[in-house]
Amino acid sequence: MIDKDVIVIGAGPAGLAAADALAGAGLAVLMLDEQAAAGGQVYRGIDSSRLDAAGVLDQDYWTGRTLTRAPNLARVEIAYQSKVWHIAEGNQVSYLQAGRAQTARGKFLVIATGARERPVAIPGWTLPGVMTAGAAQILLKTASVTADDAVFAGSGPLLYLIAAQYLAAGARIKTILDTTPGANYLRAAASLLPCLGNQQLYKGLGMLARLMRSEVPFHRGVTGIQAQGTSALSQVSWTRGGKRHTLDCNALFLHQGVVPNIEMPLAAGCDWVWSEARLCWEIPVDVHGASSVPTVFVVGDGARIIGAKAAVLSGKLAASRIAALAGVGAAASQGEAQGNSLGNPQNNAPQNNAPQNKPYDTPHDKPLLRLRKRELRMRQFLDRLYRPDEASILSADPQTVVCRCENLRIQDLVSTVPDAGADLNFVKSASRCGMGPCQGRQCSHSTALLARRADPAQHQPVPLRPRSPLAPLSLQELASYKDVS
Amino acid sequence: MSTTLTADVAIVGAGIQGCAAANALAQRGVSVVVLEREYAGRHASGVNAGGVRTMGRHLLELPLALASKKLWHDIGTLVDDDCGFNPVGHLTVAMGPENLAAMQVRGQEITRLGLDHHETLLSAAEVHAMLPMLVGDVAGGSIVKGDGFAIPFRTTQAFRRKAQARGARFLEGAAVQDIRRVDGVWRLSAGDTQVKAPMVINCAGAWAAPIAHMLGDVLPIEAKGSMQIVTGRMPPYLPCVVGLSGAPLAMKQFDNGTLVIGGGQRAPVDVTRRTSSLVPKGLGIAASVATRFFPGLKTASIVRCWSGIEGFSPDGLPMIGFGRDRSVIHAAGFSAHGFQLGPAVGQALADLVVDGKTALPIAHLGPERFSP
């Protein structure tokens, strides 16, 4: 059993920033990441990428190197290729490091496992040739591979970013289909004013303008996207301006935003909440990332989608609070720190009975909190603008596959959903939806929408209870735990 | 706004026992209300390993299991659902000569009792012929034809649906908070709902002790967890359910190719929060026994591990029968082997309600054996 002051799970921007600051405060930190190198998703492959000189990925990406090369990381014990598969009470983490059984315990846990792409349940989404735009980006970042004549479809800043990166890498894009609902522009306009000072806004607009001025057909107000083909994708069809359109293609990249990976926070006992504004589950945390479990902090996109810049801030803020609680670092001389969290009573997770104390901020935190507020204002604008059109993330077509692992379509689930009371655990037991290898990662958001569609009064669909292993293990790897205490 | 329901019988708990009892009672025209805190099959009945076996049962429980076996082989007619029941057979491997000797002695006992049940002895060669993937020296084994597995949640829900179709009423999300007797009638309170019935059946599983207490009885039930491991879908590997005598392992492969590995490794449970947790070391032990004797499983991908919350009795045998007052019946303490018994227990409970007695073999399983 490895004993540390803090275990950080995830070496993306939030985890790196937290680990660096914690080590800088003199705490013993173990950081775990399942990849072979740091960077998470947004800075994936940053230390090994061959895209350096090509100017394909923009400056924002390369700033990730200041994180992966941060000065105090040398004092952090970093375990790469480490798959966390179980979290037990007392912040005990079981992980496999390059296949070897390990257990570590931390006085504090910082969960920085980020986000994943939202599932897009449209007809034909499981056909070979249909991928998420994020998967296409990973190929670009790690293997410098692109597909020509692909169709990009969906909504959200990442869709446009990846399309722009593809063009910069010299790939041809057949068409961009934008499903952003027209009504969102008006709704988002109210949140635009506070963002006018934010550079990101202009970068985003500039990128969008470049895409629209390029030769790539860019269609807005698209609905009813369908992927068609027999054994593989051969056509994409959609509705626009009241008419149905069809296009031949062999590669379709879908994207409808990202959603927090809540599995590890739930495994650690944190409360959850369903956000109607962002149509996903989130982990309620305070400004320092403190969750409903006193020693567990959830930072970065893993609590709520906030973006890479805000993720770095959240990592630093969590480190500041943890250092204060541990009695070290800048806050040590300020006396006893009290922290608390936003417990959410309306769920079936264990109730947190901690008293509601006022959070204690060090002077060091003030600039971070200010910057964080700025980022959140930008985030509110983006959230409103890019709130997905529900029919674009869960089609009305009963033949649409929801659970890919168990091959369950909407029509296979409609008999179960009404009895479920929006508890996905019931749907799972009754239909096997979510029992496959992905353990609900590709289907649970779709199932939640299905439950809401069946009963609009259900405002808080209950997510799947996490079940270890949090990532697949082989039986032999599990066997290696027989001697680990 | 409060509701009051009246029935002939109130059942606490919609696990397999409660649902089977509701079904059997409704079939005989008895009005039933089942009060269930969460939903039918939420706990042990819905998450057990799915074993449907008579093999290896304690001799006091075996006759009841044999009666239930007959019902399982007609389950489709019983509840309009085949429940995923597949009688692939159950083979217990005797790891050492002392295990085989015990099997021989048991075989003689079963014959002496005149039971229509055969745990056919197998030589080591015969075991290896049936399980060519088994590696290691074994002494032999025994096999029961007609044993097998079913799908627990599906089965419990099937009994529930059939009971409901016959007129039984199910109140889910209804946690029993208080039970008292007024003028010879039991009143059970669950939130805003009150149920009045002259008879109560306690099928509350791991929570049967507090319910018994409200009914004026003491049931020595301890809640414990038992861990299970399930793989992703695999090509056909196990031809039957396999247990090892002399090593903690029980395995079965379901029709969809997933393989469930159990063996009784204990897990801590919290009855108040109704949660269980896992012990990596115990999972490691189960996994290492499996891979030691079945090395072909080394690379099997583990998708999920879990533990249920089950009620255990001090002698490992269930408590089925009247409480101190004949207006109360208990069916609890099934100690991780109640699933297969469910169909027969349901009928026995209906007999007790309607006739005051049953021909089904529960005579030695009464809760009174624990009374001082």
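Residues are numbered from 1 along each chain as its sequence is written, and chains are lettered from A, with ligands numbered from 1, in the order in which they are written. As the model is predicted, local features need pLDDT of at least 70 and side-chain atom pairs count only at pLDDT 80 or more, while totals for chains, interfaces and linings use all residues.

Between the two chains, 25 residues of chain A are in contact with 28 residues of chain B; contact requires that the C-beta atoms of two residues, placed from the backbone, lie within 7 Å. On the side of chain B that touches chain A, at least two residues each are supplied by α7 (152-165), α9 (280-293) and β21 (301-307) of chain B. Here helices (H or I, at least four residues) and strands (E, at least two) are DSSP runs, numbered from the N terminus. With nine residues, α9(B) provides the largest share of this side of chain B. By residue class, the side of chain B that touches chain A comprises 14 nonpolar, 10 polar and four charged residues. Ala, Val, Leu, Ile, Met, Phe, Trp, Tyr, Cys and Pro count as nonpolar, Asp, Glu, Lys and Arg as charged, and the others, Gly among them, as polar.

Strands pair if DSSP finds at least two bridges between them. Within this pairing, Ser301(B) in β21(B) stands opposite Ser474(A). The loop between α14 (444-454) and β22 of chain A holds Pro469(A), and the peptide bond from Ser468(A) to Pro469(A) is cis, with omega near 0°.

Chain A is divided into domain 1 (2-116 + 259-383), domain 2 (119-256) and domain 3 (394-485), with bounds that come from an automatic or database domain assignment. The C-alpha centres of domains 2 and 3 of chain A lie 27 Å apart. Their contact takes six residues from domain 2 of chain A and 12 residues from domain 3 of chain A.

Positive phi values occur in Asn91(A), near 55°, and in Ala336(B), near 75°; neither residue is glycine. Asn91(A) lies in the loop between β4 (82-88) and β5 (92-97) of chain A. Asn91(A) counts as buried because it has 20 C-beta neighbours inside 10 Å; a residue is buried if 20 or more other C-beta atoms, placed from the backbone, lie within 10 Å of its own, exposed if 12 or fewer, and partly exposed in between. Ala336(B), in the loop between β24 (328-332) and α10 (342-355) of chain B, has 19 such neighbours and therefore counts as partly exposed.
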